[in-house]
Amino acid sequence: MNIIILGAGRVGESVAESLVSEKNDITVIDPDPARLRPLQDRLDLRGVVGNGIQPSVLEQAGIADADMLIACASSDETNLVACKVAHDLFSVPTTIARLRSSEFSPGSALMAKTGFAVDEVICPEASVTATIRKLIAYPEALQVMEFGHGLVSLMVVRAVPGGLLVGHRLEEVQTLAPGLDMRVVAIYRQDRVMPSLDGQTVIEPGDEVFVLAATEHIAGVLAALRQTALPPVKRVMLAGGGKVGLRLAREACVDYQVKLIEQDRTRCDYLATQLGSQALVLHGDCTDEDLLEDENVRDMDLFAALTNDDEDNIMACLLAKRMGAKRVLALINRKAYADLVQGTQIDIALSPASAVIGELLAHVRRGDVEAVHSLRRGAAEALEAVVRGDARTCRMVGRRVDELDLPHGVQVGAIVRGLHTADGALAGEDAQPQVLMAHHDTVIQALDHVIVFVPRKRMLRQVEKLFQVGATFF
């Protein structure tokens, strides 16, 4: 696929890195050559220096042959204009814009072809906020991702000694947890994926366990892999009052007691006007031990460091953890830092770019892909795709899971059936979709939403071919 990315900032760099690894033809536009140079040296892509809203610059980048434009410059206005120019002058099939402002909502008239011609809106701040809200709701989890219109969730949990299923074989799961239908799709042990899972595989303490289950069973699954459930989150301390911090504080203060630390005095005054009495805004340095002590960080159920400085976030989390915070989360932009601190005293290292990559990948994947979640810092992936066609035109329809030509290690985890009517349209509100955990003898039907875990991205092309509909199939 020929993709043009506008903007070589943190989001643009992460998007380019992810898409280049999948053999796409990538061109990045940025007015700063100092940003493009290291990208070109490190990745197999082309850089064009210039203003991406100018038709001449877009032409130089090869916009006439582009399949997609991803506008992720720092300015909303630049991204909107770039999408408009790409659509109106060059008929680019798909345009995606990173927009921070909530005024430009997906599906609005402004985003239509007669407006700014934006096919998809992405907002990293909103994605990060939604991810953290999930982790606040389920403090035992490392990640919680939704599929099948929210009916199915993929949870990442660290197995703890004494957990109901810890120390037992996978074939014992149904006996030990009757009525809790779930599917373990991957286990990472000492930061390496287990090459194959079968009934004899044992869940060991310290394992990162990837489990698919109906969303209504999340609490039960988490409890089964940990000795005791963590108490519900009541008190949250946020370090950093930027866009993510403010957005999260606004949403969290409805259900939790929130304290927000911000170093810039002028920003503090603004935060106070936006949050009112719902949250306590504190002026100070999040790495100040005296401040954290005075504000009782030891009583916090969650401490989240959300500043723009990775080092400050790491240090603040380490300090808060040492002072007694039950759980700490660091927002980290640099991939190397995230790899370094994940699983240490810092409970969760969250990358803003990783939180939004999945939204973009859903448009790049071949086949009718509904949702994609990038996992393990981009090394693995979970995707949801709709099975189209019939037994003659699709390699999945009418076949059992064990008959599918899946790469070694790829797991079909769950199926959501009944989200579409017989003519392929999305079912109405009165529909009652069925969530099925996939087993070796489960037969896949047309219009099923199939959720697949892929441990290595090089396997994706073979998985995508299974969902593609051909004129004939032999």
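Analyst: Gln434 touches Ile415, Val416 and Arg417, leaving aside residues up to four places away in sequence; contact means heavy atoms within 4.5 Å. This is a predicted model, in which local features need pLDDT of at least 70 and side-chain atom pairs count only at pLDDT 80 or more, while totals for chains, interfaces and linings use all residues. Residues are numbered from 1 along each chain as its sequence is written, and side-chain values use heavy atoms, with hydrogens and water left out.

Ile415 is 19 residues from Gln434 in sequence, and their C-alpha atoms are 8.1 Å apart. Gln434 belongs to strand β21 (residues 434-437). Helices (H or I, at least four residues) and strands (E, at least two) are DSSP runs, numbered from the N terminus. Gln434 counts as partly exposed because its relative accessibility is 43%; buried means under 20% relative accessible area, exposed over 50%, and partly exposed in between (1.4 Å probe, protein chains only).

Lys457, in the loop between β22 (449-454) and α14 (460-467), counts as buried at 16% relative accessibility. Its side chain makes a polar contact of 3.2 Å with that of Ser18. Such a contact is a pair of N or O atoms within 3.5 Å; within protein, one must be able to donate a hydrogen and the other to accept it, and residues adjacent in sequence count only if both atoms are side-chain atoms. Among the other residues that Lys457 touches are Glu22, Arg365 and Glu381.

Next come the aromatic rings. Rings of Phe, Tyr and Trp (its six-membered ring) pair if their centres lie within 6.5 Å; planes under 30 degrees apart count as stacked, over 60 as edge-to-face and the rest as tilted. The count comes to three aromatic pairs. Phe104 and Phe116 have ring centres 6.4 Å apart and planes at 85°, so this pair is edge-to-face. Both residues are in the loop between β5 (94-98) and β6 (120-122), twelve residues apart. Phe116 is partly exposed, at 25% relative accessibility.

For Phe210 and Phe453 the centres are 5.5 Å apart and the planes at 55°, so the pair is tilted. Phe210 lies in strand β11 (residues 208-214) and Phe453 in strand β22, so the pair ties together parts 243 residues apart in sequence. Phe210 is buried, with a relative accessible area of 1%, and Phe453 is buried at 2% relative accessibility. Ring pairs link these two residues and Tyr188 into a cluster.
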